[in-house]
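Here are a few friendly notes to read alongside the model.

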Amino acid sequence: ALSCPSLHGTSPVTTFGPKACMLQNPLAVMHIQDPASQRLTWNKPPKSVLVIKKIQDASLLQPFKELCVFLTEKNMIVYVERKVLADPVIQADESFAAVIQKFCTFREDLNDISNRVDFIICLGGDGTLLYASSLFQKSVPPVMSFHLGSLGFLTPFNFDTYQSQVTQIIEGNAAIILRSRLRVVKESREKNARVDKKGIIMTNGDSEGSRKAMQYQVLNEVVVDRGPFSYLSNVDLFLDGHLITTVQGDGVIVSTPTGSTAYAVAAGASMIHPNVPAIMITPICPHSLSFRPIVVPAGVELKIMLSRDSRNTAWVSFDGRKRQEICHGDNITITTSCFPVPSICFQDPVNDWFESLAQCLHWNVRKKQNYLSSKEDVF
């Protein structure tokens with residue numbers, strides 16, 4: 001019998017970091033639980049927490065200090081990036097020096113903390129959650145995000161009552177939403193490899209040594225655009241090995257349901273609840289009147305390549321970071337990752353999402369139509 005990959009995508013892992021997991025629900029259907037039933041629980045009491053603070057924002061210094069003091073008083077091991085502590089204001093605060101001595105510090109590009117952190121607290125806007133996601137290329141600990149930035153679509157918690165809210169998380173009493181990520185592999189040809197007119201890589205017999213692969217976990221979107229060039233971007237889009245279309249325009253966005261309310265919605269896409277297993281493909285300013293955004297099953301494999309007759313190269317970014325050029329012979333493979341981001345909810349996955357739509361994007365805000373009394377003429 002032929003094996004067929006599931007269109008629903010890989011089943012997400014239900015263990016998050018060293019100690020957290022999802023409380024199992026026997027009524028789950030197709031490995032996708034009812035959003036209202038997704039609850040956080042701990043195999044063992046959490047002992048360590050990673051605090052991520054938005055850099056170069058003076059308004060966050062006081063909340064950051066208060067939170068860190070509170071966590072150390074609860075005997076939590078606090079992880080903080082070195083660049084956060086390099087802030088001159090923090091360095092000059094003598095009263096905070098004793099707390100700093102208790103911190104465990106790390107650097108994003110040098111230290112792997114994936115098996116040391118039990119949960120994460122983000123102070124800032126949506127970008128802090130995206131940054132937290134990028135630090136963990138496999139299992140992600142539960143993330144609690146406080147709204148201390150500008151938009152705050154992904155940050156449901158208010159800092160005014162942080163003590164009771166953090167205590168509640170430590171006790172394991174919270175709803176979570178599993179935000180699916182994209183597993184992205186970018187394969188590039190080495191500079192000494194040649195590409196013929198058909199886009200085939202000529203490697204002098206050494207095909208393995210002439211290719212370089214980089215892997216990324218993406219929470220919002222992969223964006224392919226024309227970069228600094230004035231010509232249209234020409235990229236081929238494959239789905240499960242079949243060419244489905246060539247994108248001619250400013251570029252294309254491949255996003256998760258979480259990313260559907262970011263760049264994709266600005267480009268005309270629909271908004272998808274994060275619990276829906278799907279991948280969204282949205283063109284950026286296509287030179288076509290009929291190229292509409294589409295939603296495909298989470299289990300498919302997408303591949304993006306520069307068209308053979310493209311006049312220029314293209315550029316790609318992953319959650320707005322790691323921007324790099326796409327040349328002829330390069331390809332980008334995108335699938336749904338089995339390592340989602342377990343985001344802690346303020347209420348529950350459904351109410352939090354609609355609250356964000358209303359408060360942050362002002363979804364369907366309109367002046368109410370006046371009531372028509374029975375005595376008035378309908379016409």
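**Notes on the helix, cores and sheet**

1. In H1, the residues Leu 61, Pro 63, Phe 64, Lys 65, Leu 67, Cys 68, Phe 70, Leu 71 and Thr 72 are buried (under 20% relative accessible area with a 1.4 Å probe, protein chains only). Please keep in mind that this is a predicted model, with local features needing pLDDT of at least 70, side-chain atom pairs counted only at pLDDT 80 or more, and totals for chains, interfaces and linings using all residues. Numbering runs from 1 along each chain as its sequence is written, and side-chain values use heavy atoms, leaving out hydrogens and water.

2. H1 covers residues 61-73 and reaches 18 Å from first to last C-alpha, close to the 18 Å expected (1.5 Å times one less than the number of residues). Asn 75 follows H1 and has a positive phi, near 60°.

3. The largest nonpolar core has 38 residues (buried Ala, Val, Leu, Ile, Met, Phe, Trp, Tyr and Cys joined through side-chain atoms within 4.5 Å). H1 gives the largest share of this core, 6 residues. A second, separate core of 26 residues includes Leu 237 and Val 300.

4. A sheet is also present: 3 strands form an open, antiparallel sheet in the order E1-E2-E3 (strands are DSSP runs of E, at least two residues; pairing needs at least two bridges). E1 (15-16) and E3 (40-42) each have a single partner strand, so one side of each lacks a neighbour in the sheet. Between E1 and E2 (residues 20-22) there are 2 bridges, and Ala 20 in E2 is the bridge partner of Phe 16.

Note on methods
Helix = DSSP H or I, 4+ residues; strand = E, 2+ residues; numbered from the N terminus. Buried < 20%, exposed > 50% of the residue type's maximum accessible area, 1.4 Å probe, protein only.
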